[in-house]
Amino acid sequence: MDSTFVQACRRGSTSYTPVWYMRQAGRYLPEYRALRESHGILDICRTPELASWVTMLPVRRLGVDAAILFSDIMIPVAAMGVDLCIDPGKGPVIAEPIRSRVEVERLRPIEASRDLPFIAEVVEMLAADLEVPLIGFCGAPFTLASYLIEGGASRRFDHTKALMRDDPETWHELMRRLADAGIASLRAQVGAGASAAQVFDSWVGTLSPAEYEEHALPHSRRIFEALVGLGVPLIHFGTQTGELLELMRDAGADVVGVASGTPMDEARRRLGSGVALQGNLDPAVLLAGWDEVERAARDVIERAGAVPGFIFNLGHGVRPETDPDVLRRLTDFVHEETAK
Ligand code: 1CP
C-alpha cells in the first residue's frame, strides 16, 4: 500500500496529515554542520555514502513522513559543463555568467548514467534503507536560469529579465536546455527508486503572470509532461507566487507547494479540489516560542480544512537557526492534531 505521504499527494484520505520540511537535511542540524567542516557541499552531493547519511539524519530525528534527497539544484547544471561553486553564505556562484547565444550553446546535454552516476547510486541506497518515501527534486528552468545569468543569488533579477525580454530566442533555448537537464536528473532519481519528485521554482515569483505564462510556464510544463508517465506524484513549488498559483497549477503537477504569503484556505479556494496542496507555515515562526509555533501550525491546519490532499510543510526552507527539537515537536503536534 502507498505511504501516507504518497496517498495525500494523490488526494486519497489518510488517517493523519503527513509532514516533511523543505531543507530538512540542512544547516540547522549539528551533525550536518560537523560534516561540512571537512567536506564541501558539492562533495557531499557527489559521494553517495555521505549524501545518503545526510538525507537520513532528519528522518528519525524529526519523525517526518518523507525524506528529501540531499543534493542541490545546481548539480545537473555543473554536469552541463558550468564552472560553479557553492559559497556557504551566499549559495551558488557561477564563474562566468551566461548571457549570450554562444554561451548557451556550449551547455552540454546531460546523460544521467554518464554525467550524474552518483545520483542513481545514492537513491538506490536510500530506497533500500529508508522507512519513508524519498522525494527527488530538480530546479525549475527559470530558477536555474536566474543563477546562470546573474552569476549567483539575486534579488532583482535584472540581467535575467533583460535577456528574457531582449533576446527571447536565446532565453527559450537556455530554458529548453535546463528543462532537459531537470528531466534527465528526475528520470534518474525516479528510475532508481524515488517515490515523488518536486520541482523547485524558488524565485519565479519575481515574474508577473503574463511574463510567467510566456517565458517560464511552457518549459516547466514540459518537465511535468515528461515525468507524468513515471507514475510518481509530482510537486511544484515556488515562493512569492501568490499571483501565479493558478498558472503554476496548470503546469501539470499533482501537488502545488504554497509559500507562506498565501493563506491555505485562499489557495484551496483558488486552485479547487483537483490538486493536492503542500505548505505553508512561515519558517520564521519556528524561531519564536512554542506557543506561537503551535498557534501558527493550528491555523495552517484549520485553513487547509478537511479536504483530502494536504501535506503539511513550511512555506520555504528551514532556517539554519532553527532548533531541531522544535521541528520534532511540530511534527508530533501536526500528527496528533490531524489524527483526531
Ligand atoms: O533538505 C535539504 O537541505 C536537502 C538538500 C537541498 C535542497 C533541496 C540543498 C542542499 N539544496 C536544495 C535545493 C536548492 N538549492 C534550492 C531550492 C530550494 C529552496 O528554495 O530553498 C535553491 C534555490 C538552491 C540554491 C542554493 N544552494 C542556495 C540558495 C541561495 C539563494 O539564492 O538564496 C543555497 C544557500 C545553496 C547551498 C546549499 N544547498 C544545500 C544546502 C544544505 C546548502 C547550504 C549551504 C551549505 O551547507 O554550505
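Here is a short chat about a predicted model of a protein with its ligand.

Me: How many residues surround the ligand, and what class are they?
Reply: Let's start with the shell, where Tyr 32, Arg 36, Tyr 147, Ser 202 and His 316 are the closest residues. Sorted by class, the shell has six polar and five charged residues, along with 15 nonpolar ones. The count of residues surrounding the ligand is 26.

Me: What is the distance from an oxygen atom of the ligand to the side chain of Tyr 147?
Reply: A polar contact here means N or O atoms within 3.5 Å of each other. Gln 24 has a polar backbone atom 3.0 Å from a ligand oxygen, and Arg 23 has a polar side-chain atom 3.2 Å from a ligand nitrogen. For the N or O atom in the side chain of Tyr 147, the distance to a ligand oxygen is 2.4 Å.

Me: How much of the ligand's accessible area does the protein cover?
Reply: On its own, the ligand has 870 Å² of accessible area. Elements giving two or more residues to the shell are α2 (30–38) and β3 (91–94). As for the cover that the protein provides, the share is 92%.

Me: Which strands sit at the edges of the open sheet?
Reply: The open sheet has seven strands with parallel pairing, in the order β1-β4-β5-β6-β7-β8-β9. An edge strand pairs on one side only. Reading off the two ends of that order, you get β1 (67–68) and β9 (310–314).

Me: Which residue in β8 is the bridge partner of Val 255?
Reply: Strand β7 covers residues 255–257, and β8 covers residues 276–281. These two strands pair in the parallel sense over three bridges. In one of the bridges between them, the partner of Val 255 is Ala 276.

Me: What angle does helix α15 make with β8?
Reply: Helix α15 (residues 264–271) packs on the sheet and touches β7, β8 and β9. Comparing the direction of α15 with that of β8 gives about 155°.

Me: Which residue does a cis peptide bond join to Gly 279?
Reply: Omega for this bond is about -20°.

Me: Where is Arg 11, and what is its phi?
Reply: Arg 11 is in the loop between α1 (4–9) and α2. Its phi is positive, though the residue is not glycine. The value for Arg 11 is near 65°.

Conventions:
Residues numbered from 1 in each chain as written. Predicted model: local features only at pLDDT ≥ 70, side-chain atom pairs only at ≥ 80, totals over all residues. Heavy atoms only, no water. Near = heavy atom within 4 Å. Polar contact = N/O pair within 3.5 Å; in protein donor to acceptor, adjacent residues only side chain to side chain. Areas by Shrake-Rupley, 256 points an atom, 1.4 Å probe, with all protein chains shown as cover. Helix = DSSP H or I, 4+ residues; strand = E, 2+ residues; numbered from the N terminus. Nonpolar A, V, L, I, M, F, W, Y, C, P; charged D, E, K, R; others polar. Pairing = 2+ DSSP bridges. Contact = heavy atoms within 4.5 Å. Axes fitted to C-alpha atoms, helices over the stretch in contact; angles between N-to-C directions.
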